[in-house]
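Here are my notes on how the two chains meet. Please read them with the model open.

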Number of protein chains: 2
Amino acid sequence: MKSVALFSLFLFCVGANANSQIKGEKVEINVRELGSPGSVWPQPQHYSSTTQTYAVVAEAFQFVYSSTSHKCDLLTEAFKRYETLIYNNVATIKLKYFPRDVASIKTLEVDLMSPCEDYPSDHMKESYALDVADKASLTSDTVWGILRGLETFSQLLWASDSNQVVVNKTNIIDYPRYAFRGVMIDTARHYLPLNAILQTLDAMSYNKFNVLHWHIVDDQSFPYVSDVYPDLSIKGAYDDRTHIYTREDIAAVIEFARLRGIRVIPEFDSPGHSTSWGKGQPGLLTPCYSNGKPDGTFGPINPTLNSTYTFVKNLFGDVKQVFHDNYIHLGGDEVQFNCWQSNPNITKWMSDKNITGDYSKLEQVYIQNVIDISETIGYSYIVWQEVIDNGVKVQSDTVVEVWKNNHPDQEVAKVTAMGLRAIVSAPWYLNIISYGQDWHKYYQYDPSNFNGTAEQKALVMGGEACIWGEYVDATNLSPRLWPRASAVAERLWSAESVNDVDAAYPRLDQQRCRMIRRGIPAQPLYIGFCPHEWKNY
Amino acid sequence: MKSVALFSLFLFCVGANANSQIKGEKVEINVRELGSPGSVWPQPQHYSSTTQTYAVVAEAFQFVYSSTSHKCDLLTEAFKRYETLIYNNVATIKLKYFPRDVASIKTLEVDLMSPCEDYPSDHMKESYALDVADKASLTSDTVWGILRGLETFSQLLWASDSNQVVVNKTNIIDYPRYAFRGVMIDTARHYLPLNAILQTLDAMSYNKFNVLHWHIVDDQSFPYVSDVYPDLSIKGAYDDRTHIYTREDIAAVIEFARLRGIRVIPEFDSPGHSTSWGKGQPGLLTPCYSNGKPDGTFGPINPTLNSTYTFVKNLFGDVKQVFHDNYIHLGGDEVQFNCWQSNPNITKWMSDKNITGDYSKLEQVYIQNVIDISETIGYSYIVWQEVIDNGVKVQSDTVVEVWKNNHPDQEVAKVTAMGLRAIVSAPWYLNIISYGQDWHKYYQYDPSNFNGTAEQKALVMGGEACIWGEYVDATNLSPRLWPRASAVAERLWSAESVNDVDAAYPRLDQQRCRMIRRGIPAQPLYIGFCPHEWKNY
């Protein structure tokens, strides 16, 4: 297996082999080979680069607005962030003020052609054009496209053997293949301190992810602090003083994400996976019966009581106050019917409604009510695939997340054939670990590779890398996520044809070293080294 | 599965169930159940504890020498270290000066009954006696026993619900089951910065490991800086400025280890696994032949040249200057014979020596010479099992490390039947990962569980947790090692009968939270939480 050491030997691969991603572009002589230093992850849609380099004045580099550009705080913040990254993380420690005898670049001119949007959303545009020549310029219709372009530009810079920061003459036109590119974190099986979440958002921005799916509560704990139902976290969190997310904590996460063009979608999974909810909200869960009487255990949320829906409405109203995005994830996975089956009150209620024995109908009653509540509040919604698998009727704007790993392609085909939009996470449960380069399989799974029409394929919104928390907390979150999630990032951003693991290796290896340099402890792909190893203890 | 939250519910389990480890001790009424807060990992040999607690004056706690005790800098350093740990890591952040209305303990009186030894060694003694009652005292014949007892004492302390640091009335008599309890690190597949090694030593001391086996060089890189052969690292390291271990670096590691009672044994693996050696020492490796001429590739070290042994002698002499321990690991694993077979000069030499075709004899020539050199220099030595499996004749004081995972018990039986001492690492390759609680299998493997006589069993010196570096560097070393290596630590220290994973779980869970509090990012065992989560980014 190739190691980094090998790649440093051929800085320039001069040749006529055009990059297969260049379409409709003039192929220049002396095209640089992908994987050379200063390569980009995820691979841009249209990329041409030559061996001509410009020196970059890293110690004083500035992003500047063009005369016609729209301006906003969000972008000015991003300029500062990337100026710091370029100074600290691209320039080598040894010689930042090397005399320059070649053409040098001191600024990147940014042209934002439309007013800034405040928050990223499901209809955000992220395309941009980047040109590095005698002058460097970055253009986009949206602030989100400019953010993606700034990231790309920062990755183009590299340190030559003489410790000169340089950038190759490069032209890029870029846009994402999928609009929904998520990372799911789980703060219920283990609590994640705020800075672990912020670090994850930083790493996401380096990989052009645009959705943080925050599985915030589950059976084990309820760290979300609700203004209307404070007992939920007081009694349901692991520790109601230290293992909680206050409104201010969540606002900080959302603001950090907003500045990086990342949406934050909370998941309040119900009616299953809700044991911890019951601690602070007596009467919410279904009492399970054994031998004709309640046995002290509880099942899913009780769908037969009006009080349940009052509670959900109040809770979601509270959630909507802090989680701005127009989407909420409603969960709906792994609902166990046996407790409902044991409870005589549930049985009677179902009999009265003429749905005796049909527990998926009962589930449908619950889901339909919760969907209605969500819509009333102003949320669109995502559900796990069981909602569909159990035959629950949903509205046509429902987004279905496919997570089961037995033939996810067939499930995507089924969901999209129903006219529903799909998100794929089935192949990308990164909490599942095995020995070796398992990123290969993440990289090679294509969400659109299923039997279906063009209309069906258009309903695939994207996917998510999920890192469930049974065996993950802040001690191992980042090395377990990165760079394995980077493989998912490229699958979701880059062209379908960018799927060769051997070609990807040197770029992904650079990307992981880049993340280390930027403070993310991304674990190794294989044998080798980074110019700057991880030293932050 | 039980989570930490559960355990916090029964702080004291008052009952008549005696700890099965208490042998020959009076069993007191109100014995504390193992796994209660303030439990010890690895489990002491003889342990009795009651529900009676003493307040500990954590903010001013001091270790003091008894009037008859020997004293030395090493121990005084340890006192400071553990005073800091008790202050920073046991006392809670909330209330360190809680009014005390119970008997309190301000000092632990240490009685070292023999003069301090300077360095830990293969014949070090580590037994100690610890008594916490109205007065707290720690006694040992050796400074190493005192170090182990200090660690045990620090673990006995816990924070009560009222944030009072307390310790239970406890009596411990303790000693290790095995004399050799190692952790192997690999700095050749990936370079480990010095602080990653020091952090590993810290964590080792918290788990009573006593040997760092430093697999310092291999095919991929040669970070060891040799005074006599500087080209070895100049040409063989990943980067000869940043990815090396100087004599000062190594001295710092050895001193850090010495202060914690940990030996440092270097491995210079040969004649295989030596590709990187050849870069700085032309003529050392065997040129491989294809179609009758050298094909530019190289095989194992050439055992037929006198220059080889001059080199080894000079290199090992240099190594002995910095690595104090009286043991060196000579490697000897995975020697491929095909390159030797291809080389006509090797063939002729073997013919001249009448060993034509017998490549294990050729290997034996090399190993025997290297063993002789090691002995001349003053090193005893360890070899990997292939040296024995290939039929190489070795001297009776050879230590054999069993690493192959196909019937390691049979290999240990074979090695010890030959009268050789054995170290077991076969079941404990912690770089191999899988989903779930794989510590169970590490915990339940017993190195002495093989068909053999009592004499054979006495030849099992202990074992090692190995973390090979193909997929491990400083980004993921600590969470991957800990607490999985802690399971190995208890297997090697505690009584054979301490092998119930369910009983171990709450103690191991405490141990992992303790490590986090002390700055080691030990990953979770399963769902749950620590009072203080990992926050050091």
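1. A rotation of 180 degrees, with 0.0 Å of shift along its axis, places chain A on chain B with an RMSD of 0.0 Å. In chain A, the C-alpha of S434(A) is nearest the axis, at 2.5 Å.

2. This is a predicted model: local features need pLDDT of at least 70, side-chain atom pairs need 80 or more, and totals for chains, interfaces and linings use all residues. Residues are numbered from 1 along each chain as its sequence is written, chains are lettered from A in the order written, and side-chain values use heavy atoms, without hydrogens and water.

3. Chain A brings 46 residues to the contact, and chain B brings 46 residues. Contact means heavy atoms within 4.5 Å. Of the interface residues of chain A, 100% are also interface residues in chain B, so the copies meet through the same surface.

4. About 4,300 Å² is buried between chain A and chain B, and carbon and sulfur atoms give 62% of that area. Buried area is the accessible area (1.4 Å probe) that two parts lose on being put together, summed over both.

5. The rule finds two salt bridges across the interface of chain A and chain B. The rule asks for a side-chain nitrogen of Lys or Arg within 4 Å of a carboxyl oxygen of Asp or Glu. R512(A) forms a salt bridge with D473(B), with the closest N and O atoms 2.9 Å apart.

Notes
Least-squares fit on C-alpha atoms with pLDDT ≥ 70 in both.
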